[in-house]
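Please look over the structure shown here.

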Amino acid sequence: MNEKTKKITIIGMLCAVSYLVMMVGRVPLVPAVSFLKYDPKDVIIVIGGFIFGPMVSFLISLIVSVVEMLSVSETGIIGLIMNVIATCSFACIAAFVYKKKHTMSGAILGLGLGIICMTAVMLLWNYFITPIYMGYPREAVVELLLPAFLPFNLIKGGINLGITLLVYKPIVTALRKAHLIHESENTDKKSTYIGTIVVSSFILVSCILFVLVMKGTI
């Protein structure tokens with residue numbers, strides 16, 4: 001199998017997994033904006049970007065969003081656009097930074113910047129687009145930006161960061177053993193990876209607890 005075929009195979013696999021987790025993993029995070037649901041597809045998309053670069057993140061995001069629009073989405077082309085913007089503002093930024101700094105610290109920095117970028121971008125786009133496809137008055141959307149849209153995107157980003165750091169190394173290791181990608185030149189030590197696992201687990205658990213508190217579950 002040549003390198004181009006391997007790349008196409010992996011991208012196809014990542015598209016399929018992204019769509020699958022989107023189908024089975026959709027949950028509302030913030031009660032005030034229950035129509036916004038979290039799903040973990042961005043984790044798979046950013047991993048694709050970590051492996052091949054930010055343009056692959058964009059490609060996977062576009063493919064999955066089109067298939068989602070044609071199969072399960074009720075928001076049409078506007079929902080597709082919002083999906084691509086949200087995913088790419090997170091995954092492409094993270095992948096770009098990781099491409100420049102191919103270390104665990106580079107991954108964390110990229111994911112952190114991706115969260116900031118996604119949150120800012122989605123506040124802007126929800127201000128413009130949500131009144132159109134949800135039928136909300138713009139004044140009502142403005143009132144929801146800080147107490148609802150802001151925490152939704154921050155929590156979503158935090159969960160994505162935690163899951164990505166937990167699963168990226170096992171996924172890449174499996175792909176290397178299958179000879180689908182080359183060995184990395186990454187020189188991170190085992191102790192660094194263990195520390196990352198601890199930190200990402202803490203972030204993930206904190207986000208989940210925050211969601212449960214907001215919903216009044218605990």
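The model is predicted: local features need pLDDT of at least 70, side-chain atom pairs count only at pLDDT 80 or more, and totals for chains, interfaces and linings use all residues. Residues are numbered from 1 along each chain as its sequence is written, and side-chain values use heavy atoms, with hydrogens and water left out.

Helices are DSSP runs (H or I, at least four residues), numbered from the N terminus. Axes are lines fitted to C-alpha atoms over the stretch in contact, and angles run from 0 to 180 degrees between N-to-C directions.

| Helix pair | Axis separation | Crossing angle |
|---|---|---|
| α1 and α2 | within 8 Å | roughly 165 degrees |
| α1 (residues 3-24) and α3 (residues 54-71) | 10 Å | about 45 degrees |
| α2 (residues 41-52) and α6 (residues 138-177) | within 9 Å | roughly 50 degrees |

Angles over 145 degrees count as roughly antiparallel, under 35 as roughly parallel, 65 to 115 as roughly perpendicular and the rest as oblique. α1 and α2 are therefore roughly antiparallel to each other. α1 and α3, by contrast, are oblique.

Contact means heavy atoms within 4.5 Å. On the α1 side, K7, I10, I11, L14, V17, S18, V21 and M22 meet K41, I44, I45, G48 and F52 of α2. This contact has nine nonpolar, two polar and two charged residues. Here Ala, Val, Leu, Ile, Met, Phe, Trp, Tyr, Cys and Pro count as nonpolar, Asp, Glu, Lys and Arg as charged, and the others, Gly among them, as polar.

α1 also passes α3 in a right-handed crossing. K7, I11, L14, C15, S18, Y19 and M22 of α1 make this contact with α3 residues including V56, L59, I60 and I63.

The crossing of α2 and α6 is right-handed. In α2, D42, V43, V46, I47, F50 and I51 meet α6 residues, among them K156, N160 and I163. I51, which lies in α2, touches Y168, V172, L175 and I181, not counting residues up to four places away in sequence.

Helix α4 has a kink of about 35 degrees centred on C88, the bend being the angle between axes fitted to the seven residues ending there and the seven starting there.

Key
Helix = DSSP H or I, 4+ residues; strand = E, 2+ residues; numbered from the N terminus. Left-handed = near helix turned anticlockwise from the far one by under 90°.
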